[in-house]
Amino acid sequence: MRIQVTGETLTDEIEVTTGQQARTVMVSAGLVSSVNGQTGDVSGLATTAEVSTIAAAVAGPVADEAADAAVTAHVEAVDPHGDREAAATDAAAKVEVHRTATDPHGDRAYANGTFLPKAGGTLTGPVNGPGSFAVAADGGVTAPSLTLPAAETTVSKSLVITAPTGAVSYVVWRAPKACTVTAVRGYRVGGTGATINAQRNASDLLATDLSLSTAGTWLSGPSVQNATFAAGDSLTVAIRSVTGSPTAVTIQVDLQGV
């Protein structure tokens, strides 16, 4: 027969085939007080403390592996905190605001009010420079020795000689400062011809006399020589020859740097 204790999980019954009827005796009992007739401490079973120690030993590595896996997944995630996309959008918006701002660093207004742009502008006075150079608030310039670019300081000295009958020369100008002759020109009215030249002191400015072969037309001489004047040098204009009784001959000398 088999004795079943209340609270015990049933297993398959074993039927003894001896020709006798199998029986199951139901016994209700409390806590087990002995095993196989033995009482006292049960040996061979783990204590609670030992079980706890074993569980902790197993749980540690398992927990560490799980933590490592969680950290790896967090690092490799595209946006683990859900804020990277928002931060990128915010940063892009702020850069665009900075780029399109009129004066993002607060220095353009200062520069515009302090310096002239490369393209130029209006210089307001007063402005002081070396020596006696100055520009007053009203735009007036004080510069006794102001030197402008040569192209802006070209001047002409000329003399009209009426009814010349032959060679004649006249001193027409004294150079107040160093300057350079750039051209000698002539104009004839009437007659059939004339030749002219000009001189720095006693030196001809044209290597070959200029022929005024066409009346009523300004003609220019060939390349100029002895062109550099020093302060105090004299400019002389000269008719070298005439034909056909011209009514007038005009001689003009162009200079730069005066």
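Q: Which residues is Gln252 in contact with, leaving aside its neighbours within four places in sequence?
A: Ser156, Lys157, Ser158, Ala183, Val184, Arg185 and Trp218. Contact means heavy atoms within 4.5 Å.

Q: What kind of model is this, and how is it numbered?
A: This is a predicted model, where local features need pLDDT of at least 70, side-chain atom pairs count only at pLDDT 80 or more, and totals for chains, interfaces and linings use all residues. Residues are numbered from 1 along each chain as its sequence is written, and side-chain values use heavy atoms, with hydrogens and water left out.

Q: Back to Gln252. Buried or exposed?
A: Gln252 counts as buried because its relative accessibility is 18%. The cut-offs are under 20% relative accessible area for buried, over 50% for exposed and partly exposed in between, with a 1.4 Å probe and protein chains only.

Q: Which side chain does Gln252 make a polar contact with?
A: That of Asp254, at 2.9 Å. A polar contact is a pair of N or O atoms within 3.5 Å; within protein, one must be able to donate a hydrogen and the other to accept it, and residues adjacent in sequence count only if both atoms are side-chain atoms.

Q: Which strand holds Gln252?
A: Strand S15, residues 246-256. Strands (E, at least two residues) and helices (H or I, at least four) are DSSP runs, numbered from the N terminus.

Q: How many of each in the protein chain?
A: Three helices and 15 strands.

Q: Switching to S14. What does S9 do with it?
A: Strand S9 (residues 193-200) pairs with S14 in the antiparallel sense, over eight bridges. Two strands pair if DSSP finds at least two bridges between them. Asn197 stands opposite Ala238 in S14.

Q: And how many bridges join S7 to S14?
A: Six, joining strand S7 (residues 168-174) to strand S14 (residues 234-243), and these run antiparallel. Val168 has Ile239 as its bridge partner in S14.

Q: What about S3, S4 and S5?
A: They form an open sheet of three strands in the order S3-S4-S5, with antiparallel pairing. S3 (127-128) and S5 (141-142) are at the edges, each with a single partner strand, so one side of each has no neighbour in the sheet.

Q: How many bridges between S4 and S5?
A: Two, between strand S4 (residues 134-135) and S5. Val135 stands opposite Val141 in S5.

Q: Last one: how much of the protein chain is buried?
A: Buried residues make up 17% of its 258 residues.
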